[in-house]
Amino acid sequence: MQNIVLIKTKISNFIIDVNINLKEGINCFFGPSGAGKTSIINFIAGINKAKESKIIINSKTLEDTDKNIFVPVHKRNIGYVFQDSRLFPHLSIKNNLLYGLKLNYKKKKNFYYDEVINLLSLSHLLHRFPYNLSGGEKQRVAIGRALLCQPDLLLMDEPLASLDQDKKDELIKYIVKINEILSIPAIYVSHSISETFILANCVHFIKNGTLIYSGNRDKAINFYNKNENFIFRDSYIKGKVIKANLSEGLTDIKLGKDSLTVYSNTLNLGQNVIVKIKATDIMISTIIPDKLSSLNYLKTKIEKVVFDKGLVCLVLNYEKNIIKALLTKKSYNKLNIKKGMYCFAIIKALNINDVTNINLV
């Protein structure tokens, strides 16, 4: 099944030049605001027209400037979920959903009405109207309507952007469930790297209108941790819960041959997780730490040293994982360390408070 997005065009003085192969499941487009992510999906949807393009979804050519092919928006069979839900205010939730179903009533059903209602927990909302729904509820309905269109491709443009953190966490769980049954590609646009790593089957990093990297989640995590564009950002490591002491509120997470102790009582044995480690929360020692309150220290190799004004970022390699530590230049000089040397990364359990359970492969 071919799913190809090739776009080369100009918007004012901004150039978009990408060649992306979409994978089945959720493809996350990650990059900062202004990177061109939304513009790219608007070209895919047919909302904008590119100077040079070749877009093939589900082995159907939607656009090919060389062959003068341009399928209009309403014939592309693409579901689009915007930042704001864009529900029809005069229709009940049930009729909003049925509108999606009627758009492609002749098409073979990949998503059935009752299935979508149950999947997104919408049954108690059906007779209400959009004005008395929460932001998270509106987005669930918008996703349901898009799925009931029986799309060949689902586009989600930062659907969590207007929600508070609790509602974001809730909606992410629903999107994860959707991903488990998707037999089509979906594109999820985000500038949140945490959301990206939770949801993505494949991550596409976008910078200044160009694709700088594509890869599965494990490869994307390593790319993010060591790439120069994100070098002074936090680190993300994949691990597995091997011990949970609820009485003490401590959880042990296996990372390679060692484990990391974190302060959390919300995780369960056997869960695969992604651990966020702040670069500013790591202390560095050149000797084995002794008589410290910290429960964690990892022996790492200095893979790279990056200087930026008065700060130094150490890129540390721990069993093929990358961890970054941020020091002052004065502290770096005091330690007398350099690339290729070994050192110990010391991390307090209390400082590791962002651990996310992941269910996707």
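Two strands count as paired if DSSP finds at least two bridges between them. The model discussed here is predicted.

Q: Over how many bridges do β15 and β21 pair?
A: Strand β15 covers residues 272–277. Its pairing with β21 runs in the antiparallel sense. V273 stands opposite N357 in β21. The number of bridges between β15 and β21 is 3.

Q: In what order do the 5 strands of the open sheet lie?
A: The pairing in this sheet is antiparallel. From one strand to the next, the twist averages 40 degrees. The order is β14-β13-β12-β15-β21.

Q: Which strands stand at the edges?
A: An edge strand here has a single partner strand, so one side of it is left without a neighbour in the sheet. That holds for residues 258–263 and for residues 355–357. These strands are β14 and β21.

Q: Which helix packs on the sheet?
A: The helix touches β12 (235–245) and β15. Its direction makes about 120 degrees with that of β12. It spans residues 217–226 and is helix α7.

Q: Is S235 buried or exposed?
A: S235 lies in strand β12. Its contacts include N225, V275 and I322. Buried means under 20% relative accessible area. S235 has 0% relative accessibility, so it counts as buried.

Q: Which residue's backbone nitrogen does the side chain of S235 reach at 2.8 Å?
A: Among the residues S235 touches are I323 and K324. A polar contact needs N or O atoms within 3.5 Å. At 2.8 Å, the side chain of S235 reaches the backbone nitrogen of K324.

Key. Residues numbered from 1 in each chain as written. Predicted model: local features only at pLDDT ≥ 70, side-chain atom pairs only at ≥ 80, totals over all residues. Heavy atoms only, no water. Helix = DSSP H or I, 4+ residues; strand = E, 2+ residues; numbered from the N terminus. Axes fitted to C-alpha atoms, helices over the stretch in contact; angles between N-to-C directions. Contact = heavy atoms within 4.5 Å. Buried < 20%, exposed > 50% of the residue type's maximum accessible area, 1.4 Å probe, protein only. Polar contact = N/O pair within 3.5 Å; in protein donor to acceptor, adjacent residues only side chain to side chain. Lists of a residue's contacts leave out its neighbours within four places in sequence.
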